[in-house]
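Have a look at the picture first, and then we'll go through some of its parts one by one.

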Amino acid sequence: MDKRDTCNDDFLRSYIDPGKIEKAPAEFTSLTMDRIRLETASHKPDKVKAGRWVVPVLSVLVTAALITAALIFIPSEEGSNLLSRIPGLVPDISIVLPHPDFGFLRDINLPGWMVYGTACIFFLAFFDRALWGLFHREK
Amino acid sequence: MSYKGDIFYIEQVLCGKTEAYSLIIDRHKDRGFNLAFRISGNREDAEEILQDSFLKAFNSLKGFRMKSSFSTWFYRIVYNTAISRVRSRKNSPLSLEEFPADYIDFFTKGQTQEETESEYRESLINFALQKISEEERALITLHYYEDLDIREISDITGISSTNIKVRLFRARQKMIQIIAKAEKKNLILNG
């Protein structure tokens, strides 16, 4: 600060009283807190949203109960109910699971550069993700 | 109850005790309001700016680095909010004729000579502040009212220290010219 600027500074300080600051209104804190509570509450999931699964779940339960009741209580032609006839409707199924042969995997002969290439791709992907995280951090 | 420090209450807020934030507001509202008021030039805008700033700060508390100063961080939010609000408002600057220059008007409230002079100077400063740019207003407020050093002002405004010195120099010169003109006009009016 040169001499002239120091004079300007002194002159301005003679006009400005640092103790005389404009103060916030008395009810400012409570008003701001009300606004914060309101905005915080609006971001929370409300009861209507939380209960949006109630109707479909109830609907599924009622449907299932009706089907079960029908199977148990509606009599079939032979005097028994529908439920007892279900096993007769299902044919005997004998499933034979295939036995896959993975022996061919041992016969694969990859060139050496491919291993290094794959490792390099993984490394670059990791590096890219780290950089993205660094520069797209939420402010 | 003694204030336990910003970090203590911030941690409480982050733990879900939202009410602890009211103590932070109480602590910083007056300084924040003063900055917002000096930049915007009226109390209604200042109140809105400050409320928005506290809300922004509340929503960003998770991102606040506990090692840094809350007041600097919060001032930065107030500064940015106020500057963008004033820029979007784009009011025409006051002319010198709009200054309530009649010194005698300040005597009508039954105050002492000292109080009257203080009030007169305060209104003169507010008038001069409205005649300079919003950025210069902020620099003058932070430097003279908040008594912050150049480095702290740089942290808040994001302007380099060298640039702040230059801008403060210019702002000072402008303010003095405006005050001198207003005083001269007042002298002519009141003999």
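Before anything else, a word on naming: helices here are DSSP runs of H or I at least four residues long, numbered from the N terminus. With that in hand, look at D147(B), which sits in the loop between α6 and α7 of chain B. Keep in mind that this is a predicted model. D147(B) is not a glycine, and yet its phi is positive, at about 55°. Is D147(B) buried or exposed? D147(B) has 9 of them within 10 Å, so it is exposed.

Now for chain A. It has seven helices and zero strands, so you can read its elements from the N terminus as α-α-α-α-α-α-α. Of its 139 residues, 4% count as buried.

Next, a pair of helices in chain B. The axes of α2(B), residues 21-40, and α4(B), residues 70-89, come within 9 Å and cross at roughly 25°. Angles under 35 degrees count as roughly parallel, and therefore α2(B) and α4(B) are roughly parallel to each other. The crossing is right-handed. On the α2(B) side, the residues making the contact include H28(B), G32(B) and L35(B), while F74(B), Y75(B) and V78(B) are among those from α4(B). The residues of this contact split into ten nonpolar, four polar and one charged.

How do chains A and B meet? Their contact takes 31 residues from chain B and 27 residues from chain A. On the side of chain B that touches chain A, the elements giving two or more residues are α2, α3, α5, α6 and α8 of chain B. The most comes from α2(B), with nine residues.

Here are the two sets of contact residues, sorted by kind:

In soluble globular proteins, nonpolar side chains tend to be buried together. The largest nonpolar core in this model has 44 residues, and L35(B), A36(B), L50(B), V78(B), A82(B) and A128(B) have the most contacts inside it. Among the elements that each supply at least two residues of this core are α2 of chain A and α8 of chain B. Which helix gives the largest share? That's α2(B), with eight residues.

How values were computed: Residues numbered from 1 in each chain as written. Chains lettered and ligands numbered in written order. Predicted model: local features only at pLDDT ≥ 70, side-chain atom pairs only at ≥ 80, totals over all residues. Axes fitted to C-alpha atoms, helices over the stretch in contact; angles between N-to-C directions. Parallel < 35°, antiparallel > 145°, perpendicular 65-115°, else oblique. Left-handed = near helix turned anticlockwise from the far one by under 90°. Contact = placed C-beta atoms within 7 Å. Nonpolar A, V, L, I, M, F, W, Y, C, P; charged D, E, K, R; others polar. Core = buried A, V, L, I, M, F, W, Y, C linked by C-beta atoms within 7 Å. Buried ≥ 20, exposed ≤ 12 C-beta atoms within 10 Å, placed from the backbone.
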